[in-house]
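Morning, everyone. One structure today, and I'll keep it quick. Have a look at the screen.

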Amino acid sequence: MPEQPGKSAIDVRGVRKVFGTGESQVAALDTVSVSIRENEFFTLLGPSGCGKTTLLRLIAGFDFPSAGEILLHGQDIASLPPFKRPVNTVFQSYALFPHMTVAENIGFGLEMLGKPKAEIKARVAEMLKLVKMEALRGRRTSQISGGQQQRVALARALAPQPKVLLLDEPLSALDFKLRKEMQIELKRLQHETGITFIFVTHDQEEALTMSDRIAVMSSGKILQVGTPWDIYDKPAERFVADFIGETNFLTAAIASIGKGKVRATLKSGATIEATVAEGFQPKDNATVVVRPEHAKLTSGKGDLSGTVENIVYFGTDTHIHVRLDSSEAFTVRQQNTRSAGCGFERGDKVGISIGNDAAQVLRD
Ligand code: ATP
């Protein structure tokens, strides 16, 4: 899907955030730049400690950058305290007031802003409807379920009509089924309100299914920004390919270079055509990346050959783990059909065919 450029809501420019001093110094953010567009569902994705929450806190104004600037609709917001920014946050813990009712919780921020009573009443009613909590408006938040608390937290954060909503792992406390429901609900809320959502998660599947665009972070840096499609299909770095979905990595060297393609020699001596994201020279070391669903197992000869080591059934598909003759591991994901098994057994000698455009080379 081609990217649709839009007006930027938040511009993060060369932002660094350093905690501590001397030897205990940590660069939580190491010169990060990114533009987040209006009306976008944007996700910061990365492993624990990569700096996602720190970036969110800087945008919210709970903390200040050590260097760089953050613009909101082109204006530097460094001097604005959190409550003056048109930005609101939904925390993982929800941070609701247990002694207040659902409606009082939703209206709390508006009360603090000194809005007129009639306006608060109307806005709370609108928010209750938006998150489908009208029936529980008079219930204390200590007496509702986790999923319902989540809806109240969202309604409360949306009530003052922020331009940007920051969501810090808001679904992590929910069980699997509720989490899936709330993912759809969040997408609906973003779509209906048109507010820019900046969503933090370490769950790659959640990021892929919910986001318009994703920034993949590691060790205080943004490694790649793109649509879920881009990030999954054209990872710019090995870390991104590894972090998003399952991937096979094969050691290779560049044999020859064409337009947007190379031929890479694998450990087995076989060569394979692969797409490239960056410049390579002949004989460069490289890694060939192939997603398990883009390879096909055959009982005859393929691009690769090996022996089936393990077969794992997942209902919709089966993962077949193969030990290649080069001694590298390789997984093939095969769609299941209703009546037949996967057609292979442990110990089978197999070939693996790699589809056209399925292999990509990355820096070693
Ligand atoms: P998680 O998914 O676990 O919440 P994260 O990606 O949100 O992680 P951050 O909380 O932003 O990561 O932390 C980034 C780095 O900065 C970590 O190494 C963390 O230990 C460090 N850090 C964060 N806040 C502080 C602080 N107040 N003082 C010192 N170090 C901090």
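First, a term: two strands pair if DSSP finds at least two bridges between them. Strands (E, at least two residues) and helices (H or I, at least four) are DSSP runs, numbered from the N terminus.

Now the ground rules. This is a predicted model: local features need pLDDT of at least 70, side-chain atom pairs count only at pLDDT 80 or more, and totals for chains, interfaces and linings use all residues. Numbering starts from 1 along each chain as its sequence is written.

Start with strand β12, residues 261-266. On one side, β12 runs antiparallel to β11 (residues 248-257), joined by five bridges. Ser 256 stands opposite Arg 263 there. The β11–β12 hairpin has three residues between the strands, and its Gly 260 takes a positive phi near 70°.

Next partner: β13, residues 271-276. Again antiparallel to β12, again five bridges. Ala 264 has Ile 272 of β13 as its bridge partner. Four residues separate the strands in this hairpin, where Gly 269 has a positive phi near 95°.

Which residues of β12 make up its covered face? Val 262, Ala 264 and Leu 266. Lys 261, Arg 263 and Thr 265 are on the uncovered one. In a regular strand, side chains alternate between the two faces of the sheet.

Now the ligand. Its shell has 13 residues, with Phe 19, Ala 28, Ser 48, Thr 53 and Thr 54 the closest. Near means a C-beta atom, placed from the backbone, within 6 Å of the molecule. β2 (26-37) and α1 (52-60) are the elements giving two or more residues. α1 gives the most, three.

Note on methods: Buried ≥ 20, exposed ≤ 12 C-beta atoms within 10 Å, placed from the backbone.
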